[in-house]
Amino acid sequence: MATVSVVCDSTSYMPADVFQRHGIQVVSLYVNWTPLGSGPVQQRESELPDFDAFYESLRSGSELPTTSQPSVGDFLEVYEPLIEAGRDIVSVHLSGSISGTVASAEQARDTLIERGVDPTRIAVVDSQTACAGMGMLVLAAAHAAEAGADVAECVERTRAVRREVKIWFAVDTLEFLRRGGRIGAAAALLGTTLRIKPILTLEAEITPIEKVRTSARAFERLVEYLRSRHEDGCDAWFVQHIQAHDQAAALIERGREIYGCDPEFVSEIGPVIGTHAGPGLLGVSGIPRRLLGPF
């Protein structure tokens with residue numbers, strides 16, 4: 001039986017049944033927003049039944065919603081029962097360059113160490129990525145734990161996967177990244193125009209790959225990227241989007257032609273990332289299946 005439990009935050013946006021199947025525990029980030037026809041609310045992202053109402057508000061609201069990291073107490077609520085049950089912990093989180101989530105997890109770890117918990121029993125991992133990229137690290141750690149790996153071995157597995165993780169995504173506009181202050185190295189594109197359709201990646205911070213002029217060209221570049229990842233030996237692939245169901249379906253059809261199989265999962269990115277990326281995002285990634293194990 002595995003003695004390591006894997007914890008992550010809500011920004012991987014993997015399907016809930018994946019978490020349940022592998023016993024992965026989730027600590028949610030928060031979104032502060034104003035539903036149409038209502039007053040301001042703060043909600044755990046993981047408790048939203050779906051994201052449609054949020055994105056409707058994002059499109060039409062005059063003020064940008066805000067997001068916040070989990071508190072130290074939120075992490076302790078998950079960590080303490082695991083430690084008391086004799087479980088060790090590997091906790092994998094959203095890039096520390098764009099969120100304080102990792103810092104909260106580290107503070108919770110340090111609190112338990114101050115109470116006498118052996119420091120080798122809890123490891124906090126900065127994924128230096130987000131969404132499906134972070135999800136791959138989480139899944140790799142879970143499979144290692146299921147195979148009997150200890151904390152250090154699970155962390156090393158996440159590092160091996162992180163070296164292979166490469167995600168590209170296209171956004172409909174840079175406006176949300178600019179307004180939300182999460183634009184990172186892609187700020188260099190602001191000197192041209194917000195009307196371009198940039199191809200971006202996340203390597204600790206958001207980094208530009210190239211800029212194209214039309215949505216059609218951005219779509220084709222994502223298809224080309226899927227093909228190049230397949231040629232590099234990737235046989236598992238993923239699609240994520242924000243309110244772009246039709247484009248995601250078209251991308252899945254093209255991806256099947258390349259990989260000869262369905263994506264491991266398709267999911268919609270939620271409010272914490274969506275606040276800063278905006279509706280219309282379409283993202284793809286690929287990785288060798290041997291690094292992850294079965295979903």
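**Close-up views of a predicted model**

**View A. Crossing of helices H3 and H4.** In this predicted model, the axes of helix H3 (residues 72-84) and helix H4 (residues 101-114) approach within 9 Å and cross at roughly 45°. Because of this angle, H3 counts as oblique to H4. The crossing of H3 past H4 is right-handed.

**View B. Residues at the contact of H3 with H4.** From H3, the contact involves Val72, Phe75, Leu76, Tyr79, Glu80 and Ile83. These meet Thr101, Ser104, Ala105, Gln107, Ala108, Arg109, Thr111 and Leu112 of H4. Classified by residue type, the contact of H3 with H4 comprises 8 nonpolar, 4 polar and 2 charged residues.

**View C. The open sheet of 6 strands.** The strands of this sheet follow the order E10-E9-E8-E13-E11-E12, and their pairing is mixed. Strand E10 (205-212) and strand E12 (265-268) form the edges, each pairing on one side only. From one strand to the next, the twist averages 20°.

**View D. Pairing of strands E11 and E13, with helix H9.** Strand E11 (residues 236-241) and strand E13 (residues 282-287) run antiparallel and are joined by 6 bridges. One of the residue pairs is that of Val239 with its bridge partner in E13, Val284. Helix H9 (residues 245-259) packs on the sheet and touches E11, E12 and E13. The direction of H9 makes about 170° with that of E11.

Definitions and conventions: Residues numbered from 1 in each chain as written. Predicted model: local features only at pLDDT ≥ 70, side-chain atom pairs only at ≥ 80, totals over all residues. Heavy atoms only, no water. Axes fitted to C-alpha atoms, helices over the stretch in contact; angles between N-to-C directions. Helix = DSSP H or I, 4+ residues; strand = E, 2+ residues; numbered from the N terminus. Parallel < 35°, antiparallel > 145°, perpendicular 65-115°, else oblique. Left-handed = near helix turned anticlockwise from the far one by under 90°. Contact = heavy atoms within 4.5 Å. Nonpolar A, V, L, I, M, F, W, Y, C, P; charged D, E, K, R; others polar. Pairing = 2+ DSSP bridges.
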